[in-house]
Structure formats: structure tokens, C-alpha cells
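Hi there,

Here is the structure I promised to pass on to you. Have a look at it first, and then read my notes below.

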Amino acid sequence: MLLEVKDLEVFYGRIQALRGISFSVAEGEIVTLIGANGAGKTTTMKTMSGVRTVTKGSVTFDGQDITKAPSHKRVMMGLCQAPEGRGIFPGMTVVENLEMGCYLRTDRKSAAKDADMERVFELFPRLKERRDQAGGSMSGGEQQMLAIGRALMSKPRVLLLDEPSMGLAPMLINQIFRIIQEINAQGTTVLLVEQNAAKALAIAHRAYVLETGHIVKTGAGKDLLTDPSVRDAYLGGGGH
Ligand code: ATP
């Protein structure tokens, strides 16, 4: 397993957000965590990227214990988050934002960087068209693409995506999920947190269902998509 989480407990003061969750992500997989508001999805992602402190349990990445590793170390090891709510640099251009994505890379001045930027532009032609435009002046969907593109510039082995479809128009939502599949097909492992459970399960190799800080179910994405209890709770009752 590339990423292995064991018995994780995380608190906000006295509020316990994660109550001992365990999950794993193998190299090459798309794994998704689904769950209602407040289930602990964002907290899990923040813990993977090193923003939240772990009270109990462990996080192992590529065989190394990273439970207490700071965020920049994780990025250097290849664990990188494209944050919820975009989090791009509004005053910088698209190209400058993308360049910021690889500032921790040792080969950042080399041709490798240019090739990676081209790869991002192939995935998101829209960003190429707008390469000299300020990030903050773009639409929500474009900013979301830029945030994912910036994360890809760090050459992650595991890309952490927190609600990539949030706030997007339906057409763009489909496009974002297609692009996530494409990124995965090109060799990047993906851990995806989504409220849009139907779309997430449709592209995920495996999934975990989170409920109030516990994992209550796990299985193949396609199986959970047809699981009656998952349909009732997270997929709008299966067409009622
Ligand atoms: P959402 O999709 O609404 O963001 P989520 O599944 O991502 O939901 P989390 O945001 O991880 O859930 O929240 C898990 C629990 O931790 C919730 O009970 C929430 O109220 C609590 N929580 C989250 N952030 C804080 C905070 N900054 N201070 C106190 N409690 C928090």
C-alpha cells in the first residue's frame, strides 16, 4: 500500500472529528471517501496533507511513518493536496500559479518543469488559453482547474482532491471527473473526497463511507454504487 492509515483519531479542541478510522490506498488506484456533511471527510484530507494534528493512530506513506511530518515534507515525498475552495494565488497569472506548484522540486529550473506545464495545458486547454490572465479573475471552474494543475506541478505520487466538483456547473462537473480519471490513467494515484457520491463512486476503484468520524462501509466503487443502503443514504434514494 502506498498510503496506509491506521486507527486515526483527530480532535478540534474537545470535539472528536475522527474516531479511529483506517483505510489504505494502493499505487495506481482512485480511492474515494464519501459521507454526509460533518462526517469527517475534510478533516481526513487535512490530516493527510499535514494541516491537522493526529491525536492517535498512524499515517504511513510508501513505508515511512509520516504521522508527524510537516506539509512541505509530504509534498516533497509526493503527497500533495489540491485544496477545497481552490486556494490559488489571485494576483498571479495562470503560469505563475503553476510555477508555484513546483517550488519544492529540485529540478524546477529544468526542462522537466516545462514538460509538466505542457502536460497540465493538455489536460486543461482552458488554462493554456488563459495563461497570462490573473488567477483571481477567472471563473470558479477555471480556478478549480488551476488548483488541480498547480498540485500536478509538484509531481505527486498521490494527489489529494477535496471536493473538486464543489460549486461547478453540471457540464464542468463531468469534465472534472473525466480529467481525474485521465490523471489517474497517466500514473498518478488519487485520494478523492466528494459530496457528489454518485460521480465519485463511478470513477473510484475502491471507496469508504464515513459517518460521524467512523468508516461504516467499504468496497469497490461500482459495488457501493448499487448497494441499497448507500443508494438510500447518499445517492438520492436510487431514483425515488
Ligand atoms: P463537509 O462536507 O461539510 O465539510 P466533512 O465530512 O468534510 O463535511 P469535516 O469538515 O471534516 O466534515 O468535519 C468533521 C467534524 O469536525 C464535524 O463534526 C465538524 O463540526 C467538526 N469540525 C470541523 N472543523 C472544525 C473546527 N475548525 N472546529 C471545530 N469543529 C470542527
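**What I found**

Leu 3 has Val 25, in strand E2, as its bridge partner. Strands here are DSSP runs of E with at least two residues, helices are runs of H or I with at least four, and both are numbered from the N terminus. Before going on, please note that this is a predicted model, in which local features need pLDDT of at least 70 and side-chain atom pairs count only at pLDDT 80 or more, while totals for chains, interfaces and linings use all residues. Residues are numbered from 1 along each chain as its sequence is written, and side-chain values use heavy atoms, with hydrogens and water left out.

Back to the strands: E1 (residues 3-12) and E2 run antiparallel and are joined by eight bridges (two strands pair if DSSP finds at least two bridges between them). Two residues lie between the strands of this hairpin, and Gly 13 takes a positive phi near 60°.

Now the ligand. Which residues of its surroundings are the closest? They are Gly 38, Gly 40, Lys 41, Thr 42 and Thr 43, out of 13 residues that surround the ligand (a residue counts if one of its heavy atoms lies within 4 Å). Strand E2 (15-25) and helix H1 (41-49) each supply at least two residues of this shell, and H1 gives the largest share, three residues.

A polar side-chain atom of Thr 43 is 2.5 Å from a ligand oxygen. For Thr 42, a polar backbone atom lies 2.7 Å from an oxygen of the ligand, and for Gly 40 a backbone N or O atom lies 2.8 Å from one.

Finally, there are ten salt bridges, each a side-chain nitrogen of Lys or Arg within 4 Å of a carboxyl oxygen of Asp or Glu. One of them joins Glu 29 and Arg 206, with the closest N and O atoms 2.7 Å apart. Glu 29 sits in the loop between E2 and strand E3 (30-35) and Arg 206 in strand E9 (residues 206-211), so this pair ties together parts 177 residues apart in sequence. Are these two buried or exposed? Both Glu 29 and Arg 206 are buried (under 20% relative accessible area, with exposed meaning over 50% and partly exposed in between, using a 1.4 Å probe and protein chains only). Elsewhere, a network of salt bridges links Arg 126, Glu 129, Arg 130 and Glu 142.

Happy exploring!

Notes. Polar contact = N/O pair within 3.5 Å; in protein donor to acceptor, adjacent residues only side chain to side chain.
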